[in-house]
Amino acid sequence: MRSKGLKIELPSKQKYQYDTPEMMPNLCTQLLCVGAKGMGKTIAIVNLVKKLNFDRIFLISPTAKSNHSILSMINIDEDDMYEDTDDLTIIDDIISKVEQEGNEYDEYHEKMKEYNEFLKHANNNDYHLIDDDTLETFMNEHNEIVKPEHYLDGRRPKIALILDDILGSFLMSKGIRKVNNLAIRHRHISPVKAEGNGAIGISTFFLTQTFRCQAGGISKPIRSNCNSLIIFKTKNENEFNDLRDEVAGEIGKELFTKIYEMATNEPHAFLFIDFNPKSSHPSRYRKNLDTFLIANDDGTITQRRYE
């Protein structure tokens, strides 16, 4: 017996989506990068962030100055760099700036609606239908039409936040609730109305030397809300076992270990895991960013390099 009217209905697909290069993960994303000091975490993340073409990048790191040569590869405004990781207002300040981005984005699209209506009347010489405030808004002192402006021409801004070397700071102890809340809500920061609603969102990149081994590792809310993971070679067996237990998933521990060993068998190489890969990607596992590692039914692993 089938009851009528109880079929599960899916929401219509959100109109707005961020475009990313074919080999890159979808946005918004949350990524955790785990590796010992000197393994190349910052270089890996800077390269990934650069390829994702973000419009604005925030950085929280007490070592920003010492990493200047690497960080100069991406465009970070000085006002968007935060070095005092004991300042518990940092997260609030970044969210406020992203909300301002959302306000300016919505205001531009509202202005464009008014502008297009104004143009329609002006082109038809229906100036009697245009009020004085609208004339002042879209006409300058030389009686020239002035189009609304937005620094991205109305495109929704792509925002990134890099959190590097912040374990042990007040931000990750006394301020951990704010960081956890950001990790949970990162896709929903700064709701907007234009172009299909949704939110501006913040793609977050956590760089850490430890995963969850004993005290001082990354909190569960951050780990649980990650869309992707970068893992460098570790000599700490407990650290690796913790990590494998949490992310091996559908392929099992043995095959995951094979993939991990294959991905990290060269200096500074890493395993990249995309938990929500694009439909065109043959696997969620990669060696570095450019080589897919495909687990076969017979337990072997096929490498497919992206050209």
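Select D153, in the loop between α4 (132-138) and β4; helices (H or I, at least four residues) and strands (E, at least two) are DSSP runs numbered from the N terminus. Its phi is near 55°, a positive value in a residue other than glycine. Most residues other than glycine have a negative phi, and most peptide bonds are trans. With that in mind, go next to the peptide bond from L27 to C28, which is cis, with omega near 5°. C28 sits in the segment before β1.

This is a predicted model, in which local features need pLDDT of at least 70, side-chain atom pairs count only at pLDDT 80 or more, and totals for chains, interfaces and linings use all residues. Residues are numbered from 1 along each chain as its sequence is written, and side-chain values use heavy atoms, with hydrogens and water left out.

Colour the chain by pLDDT (the predictor's confidence in each residue, from 0 to 100). The protein chain averages 89, and 93% of the residues score at least 70.

Now show the strands. An open sheet of 10 strands runs in the order β3-β2-β4-β5-β1-β6-β7-β8-β9-β10, with mixed pairing; two strands pair if DSSP finds at least two bridges between them. At the edges are β3 (81-82) and β10 (301-305), each pairing on one side only. Zoom in on β7 and strand β8 (residues 285-287), which pair in the antiparallel sense over 3 bridges. There, F272 has R286 in β8 as its bridge partner.

Contact means heavy atoms within 4.5 Å. Helix α8 (residues 252-263) lies across β6, β7, β8, β9 (291-295) and β10, at about 130° to β7.

Finally, select K37, G38, K41, T42 and N67, which lie nearest the centre of the second largest pocket among its 16 lining residues. A pocket is an open set of points on a 1 Å grid over the protein atoms alone, where a 1.4 Å probe fits, with protein on both sides within 12 Å along at least five of seven lines; lining residues have an atom within 4 Å of a point. α1 gives the most to this lining, with 3 residues.

Note on methods: Axes fitted to C-alpha atoms, helices over the stretch in contact; angles between N-to-C directions.
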